[in-house]
Amino acid sequence: MTYDLCIIGGGILGLATGREWLRLHPGSRVALLEKELSLAHHQTGHNSGVIHAGIYYKPGSLKADLCRRGAEATKAFCAERGIPVRTPGKLVVATNAREVSRLEALAANAAQNGIAFEHLDAAALRAREPAVSGLAAIFVPASGIVDYRAVCRAMAEEISAAGGTIETGTRVEEIAEGDAGVTLRAGQRSWMAARLIVCAGLQSDRLARRAGLAITHQIIPFRGEYYRLRPEKSGIVSHLIYPVPDPELPFLGIHLTPMIDGELTVGPNAVLGLSREGYPRLAVSLPDMAEYLGFAGFWRVMRQHLRSGIGEMRRSLSKSLYLAECRKYCPGLTEADLLPQEAGIRAQAVMADGTLVHDFLFLSTARMLHVCNAPSPAATSAIPIAEMIVRRALEGATGQGAATK
Ligand SMILES: Cc1cc2nc3c(=O)[nH]c(=O)nc-3n(C[C@H](O)[C@H](O)[C@H](O)COP(=O)(O)OP(=O)(O)OC[C@H]3O[C@@H](n4cnc5c(N)ncnc54)[C@H](O)[C@@H]3O)c2cc1C
């Protein structure tokens, strides 16, 4: 059978894209292929579960717009589908003078992005969250929490109900684009599609190369390690508690996150992963490591961020150093409060010159669109990102290198 659209990847972006395509083109033939036996198995199923409000992103940027619209769309989708969402709001807490001035810059950003927030001084912060201390904070009421696996299940149901096919346990190994369409092969099976959209997260660079794109970036895996608090402490805070981010490395910063299931997690940090998809602490993939060790961009990024990299690594190896980061704003936590929790692994695109790509990166050809970088808050923004992906896929190629900010 020839499909109108094949999608590779059953994370939130692949599923949101399939749903959007079928919403616009009811009755069209769509197949979504996922290599794991379950959906949302990688980044989407291992994230913090936060619906971000969008305070961090540069005013006027695509990322800021997608996040704000994505948060609204996610909440509306969940309400429609009966998926539990809570909106406890987020406190971004400054614990020293440098962070206070960064907090002011963040507040200015939030204002320009049109996101409601409130300034809190130390006393107001204490009154709102007695277990948290800091010099100042901003409170962002719109930040919420959800289980993104549940969101994915609901999206998959909509794809199936609209006649789309979802095949798990199907690892696409070959992609060949021709004049008549794109041919995919997984084991003995093959598919022909008029268009292909690839949302393959941690494998996105490999699939782009396999499809013949001359890419110059590589995906480097960064582990995000979490703990969860023992049940007696899971009520210690009622909001999301975040440190003030470093503008150079916005994805760093261990936060306290109430989860939708009632747990309270601490994390994530960001340490170099020794395997793209190995979640246990000691998981090592020699092919994955050999690939980045042979990539000039990896060494450049390591040199540029050596200090913060060593700091993250030390905190990864020492629970007491990790704890010290959280105790800066939540001094009542002890080592005994931190219980093991599964890590997540970020797919971070790095350019050959060592630039960490913080924006979404899409590459397209006449019949293919590859999502080459989809960093946080891509789970929050998945619904409007999918609208954009479908629009771009229909427009066809304007050549490679269509990076967006
Ligand atoms: C630790 C961590 C915390 C985060 N926290 C948040 C948060 O709180 N809020 C937020 O908005 N965002 C967060 N993010 C970001 C967000 O989770 C990701 O940006 C988003 O999930 C990316 O979705 P995706 O569909 O692109 O990728 P993925 O979820 O990784 O899906 C890619 C899929 O492609 C499949 N695949 C790969 N290769 C093949 C192949 N050859 N054949 C078939 N299938 C294939 C994979 O198995 C996988 O299922 C976080 C990310 C991490 C890692």
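Asp-65 and Arg-69 form a salt bridge, with their closest N and O atoms 3.2 Å apart; the term stands for a side-chain nitrogen of Lys or Arg within 4 Å of a carboxyl oxygen of Asp or Glu. The structure is a predicted model, in which local features need pLDDT of at least 70 and side-chain atom pairs count only at pLDDT 80 or more, while totals for chains, interfaces and linings use all residues. Residues are numbered from 1 along each chain as its sequence is written, and side-chain values use heavy atoms, with hydrogens and water left out.

Both Asp-65 and Arg-69 belong to helix α2 (residues 62-81), where they are 4 residues apart, about one turn of the helix. Helices (H or I, at least four residues) and strands (E, at least two) are DSSP runs, numbered from the N terminus. Asp-65 is partly exposed, at a relative accessible area of 27%, and Arg-69 is partly exposed at 32%. On this scale, buried means under 20% relative accessible area, exposed means over 50%, and partly exposed lies in between (1.4 Å probe, protein chains only).

The structure holds 28 salt bridges. Arg-185 takes part in a salt bridge with Glu-173, at 3.3 Å from N to O. Arg-185 lies in strand β11 (residues 182-186) and Glu-173 in the loop between β9 (165-167) and β10 (174-177), so this pair ties together parts that are 12 residues apart in sequence. Arg-185 also meets Glu-174 in a salt bridge, at 2.9 Å from N to O. Here the link runs between distant parts of the chain, from Arg-185 in strand β11 to Glu-174 in strand β10, 11 residues apart. Arg-185 counts as partly exposed at 27% relative accessibility, as does Glu-173 at 30%; Glu-174 is partly exposed at 42%. Elsewhere, salt bridges that share partners join Asp-205, Arg-206, Arg-209, Arg-276, Asp-288 and Glu-291 into one network.

Next comes a sheet. Strands of a sheet pair through backbone hydrogen bonds, either parallel or antiparallel. In this model, 3 strands make an open sheet in the order β3-β8-β4, with antiparallel pairing. The edges are β3 (50-51) and β4 (85-86); each has a single partner strand, so one side of each is left without a neighbour in the sheet. Strand β8 (residues 144-146) runs antiparallel to β4 and is joined to it by 2 bridges; two strands pair if DSSP finds at least two bridges between them. Arg-86 has Ile-145 in β8 as its bridge partner.

Asn-269 sits in the loop between β17 (264-267) and β18 (271-272). Is this residue, Asn-269, buried or exposed? Asn-269 is buried, with a relative accessible area of 1%. Leaving aside residues up to four places away in sequence, Asn-269 touches Arg-223, Gly-224, Glu-225, Ile-254, Glu-312, Ser-316, Tyr-322 and Arg-346, where contact means heavy atoms within 4.5 Å. A polar atom of the Asn-269 side chain lies 2.6 Å from the backbone nitrogen of Glu-225.

Val-284 is found in the loop between β18 and α7 (286-293). Val-284 counts as partly exposed, at 47% relative accessibility. Together with Leu-274 and Leu-286, Val-284 forms a nonpolar patch on the surface, with about 280 Å² of accessible area in total. Patches are made of residues with over 30% relative accessible area and no salt bridge; like charges are joined within 9 Å, and nonpolar side chains (Val, Leu, Ile, Met, Phe, Trp, Tyr) within 5 Å. Accessible areas come from the Shrake-Rupley method with a 1.4 Å probe, and for residues only the protein chains shown count as cover.

How values were computed
A polar contact is a pair of N or O atoms within 3.5 Å; within protein, one must be able to donate a hydrogen and the other to accept it, and residues adjacent in sequence count only if both atoms are side-chain atoms.
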